[in-house]
Amino acid sequence: MKKIYLLFIIILIANFSFAQKPNEVRASMGIDFVSTPSLQNYLESNYTDLLGTFGSAVNFSGSYGRMISTNDQLDFEVAYLLNSYNSSLNGGTYDLTYSIIMPSLFYYYVLNGSGYNIKLGGGAGPRFLSITEKLPAYPQSDNYSSSGYGFILRTVGNTAISQDIYAYIAVDARYDQIKQPKPSEDNNVIGNVNFNSLSFGIKLGISYQF
C-alpha cells in the first residue's frame with residue numbers, strides 16, 4: 001500500500017510540472033449506484049430487510065487538470081461519497097452512515113470540437129473510509145475507519161456556455177477495494193465486513209478552462 005501511495009504522489013508532482021499548458025478546474029455533484037456485497041450481507045443478516053443489489057449514494061467532487069499535449073490531459077480529482085442505511089427495530093433505531101474520500105489521478109484522451117470537448121479515460125488512487133454506526137437501544141454511536149484503493153473508467157462531455165465556462169457531464173464505472181474497518185476506540189469490530197464495491201455514476205457540474 002505504501003508503494004501505491006508513493007507512486008501516486010510522484011505522478012501527481014509530474015502532473016503539476018507542465019506549467020505552460022492550458023488548465024481546467026471543475027466542480028460537480030452526482031449520484032452513484034453502489035453495490036457493496038459484504039456490507040449488504042451484514043445489514044440484511046442483522047438490521048434490515050432485503051436490500052437491492054445497488055443502492056444510491058451522493059457524490060461531490062472537484063478537480064484540477066492540465067493539458068500535456070494537444071489531445072492528452074492529466075487531471076487530479078478529489079471526490080466525496082456519502083451513503084447511509086437506517087431501519088426501525090424492536091427496541092430502537094439502527095443507523096449506519098459512511099463516507100469515502102477518494103483522491104484520484106486521471107489520464108484523458110481529449111477530442112476537441114467547436115464549443116465542446118469529449119474526454120475518454122481512467123484514473124486510480126487511494127480511498128479513505130469513515131463509518132458511524134448506532135445500534136438499537138445503545139445511546140452512543142461507534143466510529144470506524146479504513147483505507148484502500150480504487151480504479152475508475154470515465155467518459156466526459158464539456159459544452160461551452162460562455163467563452164471559458166463549460167457545462168460538465170460525466171458517466172463512470174468505479175471499483176474500490178477497501179479492507180475491513182477498524183474501531184476508533186476499544187469497541188467491537190463492525191462484523192466481518194469489507195467495503196469492496198462496484199459502482200456506476202453520473203455527474204453534472206461546471207468547468208472553467210483557461
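**Labels and their cut-offs**

Mentor: Leaving aside neighbours within four places in sequence, Phe195 is in contact with Thr36, Leu39, Tyr98, Leu129, Ile131, Asp176, Ile178 and Pro181. Contact here means heavy atoms within 4.5 Å. This is a predicted model, in which local features need pLDDT of at least 70 and side-chain atom pairs count only at pLDDT 80 or more, while totals for chains, interfaces and linings use all residues. Residues are numbered from 1 along each chain as its sequence is written, and side-chain values use heavy atoms, with hydrogens and water left out.

Trainee: What makes a set of residues a nonpolar core?
Mentor: The members must be buried Ala, Val, Leu, Ile, Met, Phe, Trp, Tyr or Cys residues joined through side-chain atoms within 4.5 Å. The largest such core has 22 residues, and Leu39, Tyr42, Leu96, Tyr98, Ile131 and Phe195 have the most contacts inside it. Two or more residues each come from helix 2 (37-46), strand 3 (72-89), strand 4 (92-113) and strand 5 (116-134). Strand 4 gives the largest share, five residues. A second, separate core of eight residues includes Tyr108, Ile152, Tyr168 and Ala170.

Trainee: Why is Asn158 called buried?
Mentor: Buried means under 20% relative accessible area, exposed over 50%, and partly exposed in between, using a 1.4 Å probe and protein chains only. Asn158 has a relative accessible area of 0%, so it is buried. Asn158 is found in strand 6 (residues 142-160). Not counting residues up to four places away in sequence, Asn158 touches Glu24, Gly115, Tyr116, Asn117, Lys119, Tyr166, Ala167, Tyr168, Ser207 and Gln209.

Trainee: What makes the link between the side chains of Asn158 and Ser207 a polar contact?
Mentor: The term needs a pair of N or O atoms within 3.5 Å; within protein, one must be able to donate a hydrogen and the other to accept it, and residues adjacent in sequence count only if both atoms are side-chain atoms. The contact joining the side chains of Asn158 and Ser207 is 3.1 Å, so it falls within that limit.

Trainee: How do you know that strand 1 pairs with strand 9?
Mentor: Strands are DSSP runs (E, at least two residues), helices are runs of H or I with at least four, and both are numbered from the N terminus. Two strands pair if DSSP finds at least two bridges between them. Strand 1 and strand 9 (residues 197-209) have 12 bridges, in the antiparallel sense, and therefore count as paired. Met29 stands opposite Leu204 in strand 9.
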